[in-house]
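Me: I've got a sequence and a model on my screen and would like to talk through a few spots in it. Can you take my questions one by one?

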Amino acid sequence: MSTDDVAVWLYAVIGGEVADDRTGELTGVDGERVRHIDGGDLSAIVGTVHLDEFGEEALRRNLENLDWLSVTARAHDAVISAIARSGPVLPVRMATVYLDDERVKELLNTRRQDFLAALDLVTGRDELGVKAYGDLAALAAGGNSAPQPAGEKRSGTAYLMKRKQQLTAHEKAHSAAAAEAERVHATLLRHAVDGKQRPPGEPAVTGKRAWTVLNGTYLVDRNRVPTFRAAVAELQETTIGIELEITGPWPPYSFTGDVVSS
Amino acid sequence: MTFADDNFAPVPRTSSGGVLSSSGGSLSSSGSTNLGDILERVLDKGLVIAGDIRVNLLDIELLTIKLRLVIASLETAKEVGIDWWEHDPWLSGKSSELQLENERLRARIEGLEAGNGQREVIEARRAEPEDVD
C-alpha cells in the first residue's frame, strides 16, 4: 500500500514538553503505534491510519456498523485515557482525520491560544459522570396514592379507575424525580469547577429498567474528587426513589469543546 | 476455521450498574465501561475540530447509530431478562388486560342478547294457553 493511502487520525492535544514520555507504546484505532506531532509548546497525539478503513467513504459506512463503532470508540478512548494518566489532555472527538502531518502542525499553530486556554482549564482536573435513575414505583409511593383493596373485582370500570390512578402516580413520580434531579445537580455543582446536564440517554441504551432523570457530568479538581464522591454518597442516602451512579474519572471530554469550538 | 480468531472480540455492553458503582479510581477505558457512556463522550464531546476528512457525526450517522444502539440494547436487555415493555399493555401489541376485559364484555353482551331472544320466545309460548283459557 502506498503512502497515499494513509491519513492522520487525531486523538488529543497536549502540552509539548514531555510528549515522548507520554505516548509510550500505545496502540491506536488501526492497530498502529501512537505517535506525536510537535508544534511549539503543543503536541498532537496521532496515529497513521489506512484510508480504506478510515477515509471519508469508509467512515460513513463504518460508523453505522455497531461492532466497528464500539471497537473503534473504545480504542480511541483508551489512547486518550492512557495519555490523561500522565497529565493534562484535550480529547479530540472521534473521527477527526487529517491528510498529513503538515496539516496537523498548521492546526496546532493556528489554534494555539485556544488549546492553551483549554489545557489551562482542565489541568489538575478530572471529569466525573453522575447519573440518577428514578424508580417509578418508589417515587409514586412517595406521594399518597390510595392502596388497592385486596381481592378487587376485575370489572372494566375498576380497571380504568386503576389505570387512571396509575397515570396520576406516574405524573407525581415524574415531578418528584425532576425535583430530586435538580437538587442533586445543584449540590454537586458546589463540589465541582463546572458541571453540565446532558440529555438523558434512552432508557433502553442504559439497559436499565429505571429511567434516567439526571445525566450530569462534572469537572472536578483532582484533590476534591474524594469530597465529590462523598457528596454523591450522601445524596444517595437522602434521596428517595433515586439511584445514583458515578462513572469516571474520565478525561475531560465535556469541558474542552466550549473553549475552542468557535 | 480457527478458534484463535483475533478479530473476534466480544465487547461487554452493559454496565455492572449497582448503586454507586464506579469504574474504579483511575482513568479507565476497560471493557467494563458502558459503551453508551463512551460513545456519548467520544462522539458528542471532545474538541470539535474540522479535519480534512469530513464526516458530519451530528447528522444522519449519529441518528442511525442511536437507533442501532437502542435496538442492540433491547436485545441485550432481553438476554438478561429485562422485558417489562412486553407486559405493558400500552407498549406491547399483545393481548392486554384491557383487550381481555373488552373481549369478556363483548361475550357477555352477546350472551345477554341471545338470552333476551330466548326469553321472548318463552313469554310468547306462555301467553298462548292464556288465550285458550
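Me: Is A:Thr187 buried, partly exposed or exposed?
Reply: This is a predicted model, so keep that in mind throughout. A:Thr187 sits in helix H8 of chain A, residues 156–189. Buried takes 20 or more other C-beta atoms within 10 Å, and exposed takes 12 or fewer. A:Thr187 has 14 such neighbours, so it counts as partly exposed.

Me: Why do the buried residues of H6(A) line one face of the helix?
Reply: The buried residues of H6(A), which covers residues 112–122, are A:Phe115, A:Ala118, A:Leu119 and A:Val122. In an α-helix there are 3.6 residues a turn, so residues three or four places apart point the same way. On the other side of H6(A) you'll find A:Gln113, A:Ala117 and A:Asp120 exposed. Looking down the axis of H6(A), the buried residues line one face because they fall within an arc of 100°.

Me: How many of the residues of helix H1 of chain B are buried?
Reply: Helix H1 of chain B spans residues 35–44 and is mostly covered. Its buried residues include B:Asp37, B:Glu40 and B:Arg41, along with B:Leu35 and B:Ile38. The count for H1(B) is 9 of 10.

Me: Why is strand S8 of chain A largely enclosed by the rest of the structure?
Reply: Strand S6 (residues 125–134) of chain A runs antiparallel to S8(A), and 10 bridges join them. Strand S7 (residues 194–197) of chain A is antiparallel to S8(A) too, with 4 bridges. As for burial, S8(A) covers residues 211–221, and it is largely enclosed because the buried ones number 9 of 11.

Me: What is omega for the cis peptide bond between A:Gly248 and A:Pro249?
Reply: A:Pro249 belongs to strand S9 of chain A, residues 242–250. The peptide bond that joins A:Gly248 to A:Pro249 is cis, with omega about 5°.

Me: Is A:Ala95 buried or exposed?
Reply: A:Ala95 lies in the loop between strands S4 (90–91) and S5 (97–98) of chain A. Its phi is positive, about 75°, although it is not a glycine. There are 27 other C-beta atoms within 10 Å of A:Ala95, so it is buried.

Me: Which residues have the most contacts inside the largest nonpolar core?
Reply: In chain A, 43% of the 262 residues count as buried. The largest nonpolar core has 74 residues. A:Ala12, for one, is in contact with residues including A:Ile45, A:Ile80 and A:Val92. Those with the most contacts inside the core are A:Trp9, A:Tyr11, A:Ala12 and A:Leu90.

Key. Residues are numbered from 1 along each chain as its sequence is written. Chains are lettered from A and ligands numbered from 1 in the order in which they are written. This is a predicted model: local features need pLDDT of at least 70, side-chain atom pairs count only at pLDDT 80 or more; totals for chains, interfaces and linings use all residues. A nonpolar core is a set of buried Ala, Val, Leu, Ile, Met, Phe, Trp, Tyr and Cys residues joined through C-beta atoms within 7 Å. Two residues are in contact if their C-beta atoms, placed from the backbone, lie within 7 Å. Helices (H or I, at least four residues) and strands (E, at least two) are DSSP runs, numbered from the N terminus. The arc is that of the directions from the helix axis to the C-beta atoms. Two strands pair if DSSP finds at least two bridges between them.
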